[in-house]
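Please examine the sequence and the structure shown below before reading the report that follows.

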Amino acid sequence: MRQTKYGIEAEWHEDFTQAQFEKYQERLLELAKDAKAAAVVERAMAQAALEAGILTGINRPLVDCPPRVVRWLTLQTRDFINEQVEVPQD
């Protein structure tokens, strides 16, 4: 899934593996373990997805992006991952 907003062209990869998903979750926990602000947790979500290869296309450090960009990436990442790991009810 590719989206462009706020001058950022981000891509979320539907074919991510279990290993990437585990790396994402582990990295998210590491990055957010001492967080006292929601903004830190939000940035950690997007950063963990980047480091796991689930999210690509971001060409600058997230800490240098405007807060609305980080929030957008976080919301899209959360929704995307939730969709990809959902087991359909047959």
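## Salt bridges

Glutamate 51 forms a salt bridge with arginine 27, and their closest N and O atoms are 2.4 Å apart. A salt bridge here is a side-chain nitrogen of Lys or Arg within 4 Å of a carboxyl oxygen of Asp or Glu. Glutamate 51 belongs to helix α2 and arginine 27 to helix α1, so the pair ties together parts that are 24 residues apart in sequence. Helices (H or I, at least four residues) and strands (E, at least two) are DSSP runs, numbered from the N terminus.

The model is predicted: local features need pLDDT of at least 70, side-chain atom pairs count only at pLDDT 80 or more, and totals for chains, interfaces and linings use all residues. Residues are numbered from 1 along each chain as its sequence is written, and side-chain values use heavy atoms, with hydrogens and water left out.

By the salt-bridge rule, the count comes to 6. Another of them is formed by the side chains of glutamate 42 and arginine 71, at 2.6 Å from N to O. Glutamate 42 lies in helix α2 and arginine 71 in helix α3, so this pair ties together parts that are 29 residues apart in sequence. Glutamate 11 forms a salt bridge with arginine 2, where the closest N and O atoms are 2.8 Å apart.

Buried means under 20% relative accessible area, exposed over 50%, and partly exposed in between (1.4 Å probe, protein chains only).

| Residue | Relative accessible area | Class |
|---|---|---|
| Arginine 2 | 51% | exposed |
| Glutamate 11 | 23% | partly exposed |
| Arginine 27 | 25% | partly exposed |
| Glutamate 51 | 29% | partly exposed |
| Arginine 71 | 39% | partly exposed |

## The sheet

An open sheet of 3 strands has the order β1-β2-β3, and its pairing is antiparallel. Strands β1 (2–5) and β3 (55–56) stand at the edges with a single partner strand each, so one side of each is left without a neighbour in the sheet. Two strands pair if DSSP finds at least two bridges between them. Strand β2 (residues 8–12) is joined to β3 by 2 bridges, and these strands run antiparallel. Glutamate 11 stands opposite threonine 56 in β3.

Helix α3 (residues 67–85) lies across β1, β2 and β3, and runs at about 20° to β2. For such angles, axes are lines fitted to C-alpha atoms, for helices over the stretch in contact, and angles run from 0 to 180 degrees between N-to-C directions.

The 15 residues of helix α1 (residues 18–32) should span 21 Å at 1.5 Å a residue, and the end C-alpha atoms are 21 Å apart, which agrees. The expected span of a helix is 1.5 Å times one less than its number of residues.

Which residues of α1 are buried? They are Phe21, Tyr24, Leu28 and Ala32. These residues cover an arc of only 55° around the axis, which puts them on the same side of α1. The arc is that of the directions from the helix axis to the C-beta atoms. An α-helix has 3.6 residues a turn, so residues three or four places apart point the same way. On the other side of α1, Ala19, Glu26 and Leu29 are exposed. The cover over the buried residues of α1 includes α2 (38–52) and α3.

Helix α2 has 15 residues and reaches 21 Å from its first C-alpha to its last, close to the 21 Å expected at 1.5 Å a residue. Its buried residues are Glu42, Ala44, Met45, Ala46, Ala48, Ala49 and Ala52, and they pack against α1, β3 and α3. Contact means heavy atoms within 4.5 Å. Just after α2, glycine 53 takes a positive phi of about 85°.

Threonine 77 lies in helix α3 and is buried, with a relative accessible area of 0%. Leaving aside neighbours within four places in sequence, threonine 77 is in contact with Trp12, Tyr24, Met45, Ala49 and Leu55.

Phenylalanine 80 is also found in helix α3, and counts as buried at 2% relative accessibility. Not counting residues up to four places away in sequence, phenylalanine 80 touches Met1, Trp12, His13, Glu14, Phe16 and Ile54.
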